[in-house]
Amino acid sequence: MAWLKRPFLCHILASAALVTLAALASCSPEGEGPVGTLAPASPAFAPASPVPAYSPEVVQLWRTWRQATALSLPLRGVLYVSQGWDGRDPTHYGRWRYAIDFIMLGPDGRRYAGTGARSADYYIWGQPVYAAAAGTVVKVENGLPDRLPGQPAAGSEAWGNHVVISHAGGEYSEYSHLKEGSIKVTLGQTVNAGDPIAEVGSSGYAYEPHLHFQLQASAGMESATTLPAVFAQYYEIQRAYTRFARSARVVRSVPREGQYVSLTPLLRQAMKAASHVPAL
Ligand SMILES: [Zn+2]
């Protein structure tokens, strides 16, 4: 308690610290950012406040669950994880915490060409979505309209057009925000891993075109609990779109927010901008 003998100095220091903190808080980049940075959200759900505590049943499920399904990435090409597990947005939270949002970035690091006002401007728009594992289609929603960028639909339309595939072991893969009318599979249909099932769209609660993917413990959407599922194998791309681009094989892992990944060591696309990068 010796510091109490120097109350004046402490007061000055404390005041300065508070002013600094307040200044930092007021400088929060929320809602601001240079053109081409990631959108504030690319979610399936609006954030709840406060985040609900996990029920004992959910905690027990996560603790005891062992993954039965070997998953592969549901998209091809060079992917960018715009929101990962426990996403900062934060829409991957609570029982939906183990979800991943994929987008594609251009060689210039932007999400779209042109103004970005149309869904078709986005690099990922219309890209084929593939079954992450073999299974049976148990849920299809195909008739919801795609939204304009920045104008997501909430409420009952939040998941957008989606497909749920049942796998062995009581596991279900789920694909959201699909393009209206693009779903190629029907209820009850069996699919193999890698079969095309739909195209990326912007239906539901999507600020921009992207694919929301999750493995869940039941077929339903609102009641589903996501599972901390890993992918069997993929390639992580470091220093994408530079002449120093490299890919590293990763097994039994999950792409993290801000990473570039690919199902294959596909580097030609990731290196397309190499000639534009000045020599160091
Ligand atoms: Zn999402």
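Trainee: What pLDDT does the protein average?

Mentor: pLDDT is the predictor's confidence in each residue, from 0 to 100. The average here is 82, and 78% of the residues score at least 70. This is a predicted model, in which local features need pLDDT of at least 70, side-chain atom pairs count only at pLDDT 80 or more, and totals for chains, interfaces and linings use all residues. Residues are numbered from 1 along each chain as its sequence is written.

Trainee: Over which residues does pLDDT stay under 50?

Mentor: Two residues are in contact if their C-beta atoms, placed from the backbone, lie within 7 Å. Residues 1-50 stay under 50, and the model has 44 contacts beyond four places in sequence for them. Over residues 274-280 the pLDDT is also below 50, with 4 contacts beyond near neighbours in sequence.

Trainee: How many helices and strands does the protein have?

Mentor: Helices (H or I, at least four residues) and strands (E, at least two) are DSSP runs, numbered from the N terminus. The protein has 2 helices and 12 strands.

Trainee: Where does Ala217 lie, and is Ala217 buried or partly exposed?

Mentor: A residue is buried with 20 or more other C-beta atoms within 10 Å of its own, exposed with 12 or fewer, and partly exposed in between; C-beta atoms are placed from the backbone. Ala217 sits in the loop between strand S9 (211-216) and strand S10 (231-238). Ala217 is partly exposed because 18 other C-beta atoms lie within 10 Å. Beyond four places in sequence, its contacts include Leu61 and Gly170.
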